[in-house]
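Hi,

Here is the structure I promised to pass on.

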Amino acid sequence: MQQYNIPGMSVAVTYQGKMVYSKGYGFAVREDSTPVTTNSLFRIASVSKCITAAAILKLAEEGKLQLNDKIFGEHGLLGTRYLRNGYDSSILDITVDQLLHHTAGGWPNSAGNDPMALLPTLPIDSLIPHILASSTLKYKPGVMYMYSNFGYCLLGRVIASVSGMTYEGYIQEHLLHPVGINDMHIGSNSKVTRLPAEVAYYDNWPGLAYVTNVSRLEAAGGWITSAKDLAKFLLAIDGFDTAPDVLTAASITTMTKGSEANPGYGCGWLIDGAGNRGHAGSIPGTASEIWSSRNGVNVVLLCNSRNKDAFFNDLHGVVLTILNNKTLLSTGTSQP
């Protein structure tokens, strides 16, 4: 926090089904010295993709979709509602599984050309047809890994369409409330409209902290939560029998399996060679990281600022320190 001028940070750690550490550091609101508490809500940016992927797998369990279902076209999950003259016909081949694994063949986040950053005031249901009509796929679907916020945005529309609910409402009712999580929401876009327990966000470049249309990011990066609730959610999808899971063992296996194009990225999760999984999130004013180890440890780190250049890789070093802290994991108790 000192090195990168981070005003506030929240940490939560679970081990073998129990919360062993939960604590806030620094300021939720720097101007009036409001402290970060264990109930403080933070934007989590791309860590949201883990939540979206879990919802897709839950819908598959419910028989409402299959991972090989097409997204667009007369028989696609989104039909033709977003298709306008001029769209690339290759998008008719894109499947749910390819969006989950970032192998749809287009719309990468590279070189400052993230489609989700274009026309920031345009509603999502207007942005989608604009992007589809104005861009072509770079690769045949299923061939190449290209990390894509827009792809997960489409998955959010799939969740809403197939469930008959809002994206946020489906996840709250089917994934969060069943495990006692009642304070996770899609965030808003300004300091004035943030929730009462939500932190303020800061960036080392003035004016950037609230430039992102967080509510439109939604399925790709729009969730806000406390670290302890996010850790509780990780417990519910970790595959261990120390706490009830909201997904079946088969779904969790699917979630943690990479693609041929990138064996190191499953459904919304980065996967290392040892079988651990994690994800990071970064937008102006926000840095986050989660990690679930194969030994039953879940770690959540949330910050209300980030390095001026981008994300700071040191955060993963903090995760590794926690994972190797035998004293914390064996004797730790939850902080007030």
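Tryptophan 107 and phenylalanine 150 are both buried, where buried means under 20% relative accessible area, exposed means over 50%, and partly exposed is in between (1.4 Å probe, protein chains only). Before you read on: this is a predicted model, so local features need pLDDT of at least 70 and side-chain atom pairs count only at pLDDT 80 or more, while totals for chains, interfaces and linings use all residues. Residues are numbered from 1 along each chain as its sequence is written, and side-chain values use heavy atoms, with hydrogens and water left out.

Back to the rings. A search of the whole structure gives five aromatic pairs; rings of Phe, Tyr and Trp (its six-membered ring) pair if their centres lie within 6.5 Å, and planes under 30 degrees apart count as stacked, over 60 as edge-to-face and the rest as tilted. One of the pairs is tryptophan 107 with phenylalanine 150, edge-to-face at 5.0 Å centre to centre with 65 degrees between the planes. Tryptophan 107 is in the loop between α2 (96–100) and α3 (124–134) and phenylalanine 150 is in helix α4 (residues 149–163), so this pair ties together parts that are 43 residues apart in sequence. As for the labels, helices (H or I, at least four residues) and strands (E, at least two) are DSSP runs, numbered from the N terminus.

Tyrosine 201 and tyrosine 210 also make an edge-to-face pair, 5.9 Å centre to centre and with 65 degrees between the planes. Tyrosine 201 is buried at 3% relative accessibility, whereas tyrosine 210 is partly exposed, with a relative accessible area of 22%. There is also an aromatic cluster formed by Tyr145, Tyr147 and Tyr265.

What sits over the ring of tyrosine 201? That would be the charged end of arginine 43, 4.4 Å from the ring centre. Arginine 30 does likewise with tyrosine 202, its charged end sitting over the ring at 4.5 Å from the centre. To count, NZ of Lys or CZ of Arg has to be within 6 Å of the ring centre and within 35 degrees of the ring normal.

On to the salt bridges, meaning a side-chain nitrogen of Lys or Arg within 4 Å of a carboxyl oxygen of Asp or Glu.

- Lysine 191 bridges to glutamate 31, with the closest N and O atoms 3.6 Å apart. Lysine 191 is in the loop between β5 and α6 (214–217) and glutamate 31 in the loop between β2 (18–29) and β3 (34–35), so the pair ties together parts 160 residues apart in sequence. Lysine 191 is partly exposed at 31% relative accessible area, and glutamate 31 is exposed at 54%.
- Lysine 58 meets glutamate 61 at 3.8 Å, N to O. Both lie in helix α1 (residues 48–61), three residues apart, about one turn of the helix. Lysine 58 is buried at 17%, while glutamate 61 is partly exposed at 29%.
- Aspartate 203 meets arginine 306 at 4.0 Å, N to O. Aspartate 203 is in the loop between β5 and α6 and arginine 306 in the loop between β10 (297–303) and α9 (314–323), so this pair ties together parts 103 residues apart in sequence. Aspartate 203 is buried at 16%, and arginine 306 is buried at 16%.

Then there is an open sheet of three strands, in the order β4-β6-β5 with antiparallel pairing; two strands pair if DSSP finds at least two bridges between them. β4 (42–43) and β5 (185–186) are the edge strands, each pairing on one side only. β5 is joined by two bridges to strand β6 (residues 223–225), and histidine 185 stands opposite isoleucine 224 in β6.

Helix α7 (residues 227–235) has seven of its nine residues buried, so it is largely enclosed by the rest of the structure. Among the buried ones are Phe233 and Leu234.

Last stop is serine 292, in strand β9 (residues 286–292). Serine 292 is buried, at 2% relative accessible area. Its side chain makes a polar contact with the side chain of asparagine 298 at 2.4 Å (N or O atoms within 3.5 Å; within protein, one must be able to donate a hydrogen and the other to accept it, and residues adjacent in sequence count only if both atoms are side-chain atoms). Not counting residues up to four places away in sequence, serine 292 touches Leu234, Trp269, Asn276, Arg277, Val297 and Asn298, with contact meaning heavy atoms within 4.5 Å.

Cheers
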